[in-house]
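Welcome! Here is a short tour for anyone meeting this structure for the first time, going from its two-part layout down to a single residue.

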Amino acid sequence: MPQEDHAIELARRLVRVPSLTPVTPDLRPAAARTLRLLADFLEPAGARCEWLSFQGGHAKWGYPVDNLYIDWPGASAGSGLCFLGHTDVVPPGDDSLWRSGPFSGEIQDGFLLGRGATDMKGAVAAFAAAAADFAARRRAEGGAVGTSLLITTDEEWAAANGSRRVLEWMAAAGKRPSGFIVGEPSSEEIFGEAIKVGRRGSLCGTITATGVQGHAAYQHLFENPNRALALALAVLHAHRWDDASPEMPATNFETVATRSGDFGATAIIPGEASALWNIRFTHHESTATLSGKVKSLLEKLPRWANGHPDAPLLSKLRVIANSDTASMPYFSAPGALAALASAIVARHCGPVPALDAKGGTTDGRFIHDHFPGAEIIELGLPEAGGLTRAAHPGAFGRTGGMHQADECCAIADLAQLTRCYRDLLFAEAGRAA
Ligand SMILES: [Zn+2]
């Protein structure tokens, strides 16, 4: 069976397991089952599997997590590409929104359906199939199999006991990969459009305004906290960070939730109003500079806000930045690995992929903590599930993408990704020789 067919079959088996991040004990067996499927697939190809379970280390999210580190005996500690992947998935939401159930693993009209197809069981299966093919040929030639896989079941939630801990273990065990490939979705619409070379970080926090509750018709007697909060958010939304680079979008502030008052009562000024905010930030910022900036923007108001009648109320706001749960950004200057991957993707797909650092956070952010200077690229399936504007105008961006209902991936993309991974493994082995 060709390696592409192995990848598709393995992806289907992985998608059929409802492997939500094991935040509660009942979820742990399913998550571990995906790792068992991978071990059963790669051990016959000569792979050595190291089961690594970790827990604790986080005040709130210390739940136990199973991880798998896979390599081949005989390869020197300092060789080969290491693939970073996860087999946990986000919850499927309302089952009725899925045309064939969230974990069906069915193939319809050239698409594999199910939660995790794109993010990122498809890429995990593609790399495993490519590595098995690579291993078989290298072993037939009497050469060492220089590649490894780090697969976690804790990426979609806290990531406290997943990749971060396994990377720490790898460094202590003397593993020295020549570079890292993260299998996260890396292009928006068309497979191979982009390769990621970094990601912005993420910092959340709250702003709370305390007022005086009372009758809305006697507003002069009370104090409406929504006034202070609304002006504060307007000031923060108006600020522009000037730290974009050709690869990475600038830092930006978004309000993601607000809470105040009672929608069932029209004549009450509430006593408190609060907002949850999220800043996505570049590697030019830190959690300290960002929380300082939020506070200083509200203390030293821009001229347009200074004259606002609610400006004096801002001095009473309480601003909290949740630095302990922040995800840090990373950037890996494109080098030999990015050049190799670009050339291979272009050979299979056409145009040379863009190298950018857009999109959400990934476990790639932990690599430089333990392997400083290692080159990192992210190459995976398209974020929109292989649906394109041209062929799927009604569905594109609305359904079928990662974390959406009806998540899917195009079988053709999965096959292309498998071929790209395989070529990359051979090219890297040739480069190292
Ligand atoms: Zn993912």
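Two residues are in contact if their C-beta atoms, placed from the backbone, lie within 7 Å. With that in hand, ten residues of domain 1 are in contact with eight residues of domain 2. On the domain 1 side, strand 16 (330–331) and strand 17 (354–356) are the elements giving two or more residues to this meeting place. That side is made up of six nonpolar, two polar and two charged residues. Please keep in mind that this is a predicted model.

| Domain | Residues |
|---|---|
| domain 1 | 3–199 + 329–432 |
| domain 2 | 201–325 |

The C-alpha centres of domain 1 and domain 2 are 37 Å apart.

Now for the whole protein. Buried residues make up 48% of the 433. Of the contacts with a separation of 6 or more, 77% are between residues 24 or more positions apart.

Finally, let's visit one residue. Is Asp 133 buried or exposed? Asp 133 counts as buried because it has 22 C-beta neighbours inside 10 Å. Asp 133 sits in helix 3, which covers residues 117–140. Beyond its neighbours within four places in sequence, Asp 133 is in contact with Gln 3 and Arg 422. Phe 191, 58 residues away along the chain, has its C-alpha atom 22 Å from that of Asp 133.

Terms used: Residues are numbered from 1 along each chain as its sequence is written. This is a predicted model: local features need pLDDT of at least 70, side-chain atom pairs count only at pLDDT 80 or more; totals for chains, interfaces and linings use all residues. Helices (H or I, at least four residues) and strands (E, at least two) are DSSP runs, numbered from the N terminus. A residue is buried if 20 or more other C-beta atoms lie within 10 Å of its own, exposed if 12 or fewer, and partly exposed in between; C-beta atoms are placed from the backbone. Domain bounds come from an automatic or database domain assignment. Ala, Val, Leu, Ile, Met, Phe, Trp, Tyr, Cys and Pro count as nonpolar, Asp, Glu, Lys and Arg as charged, and the others, Gly among them, as polar.
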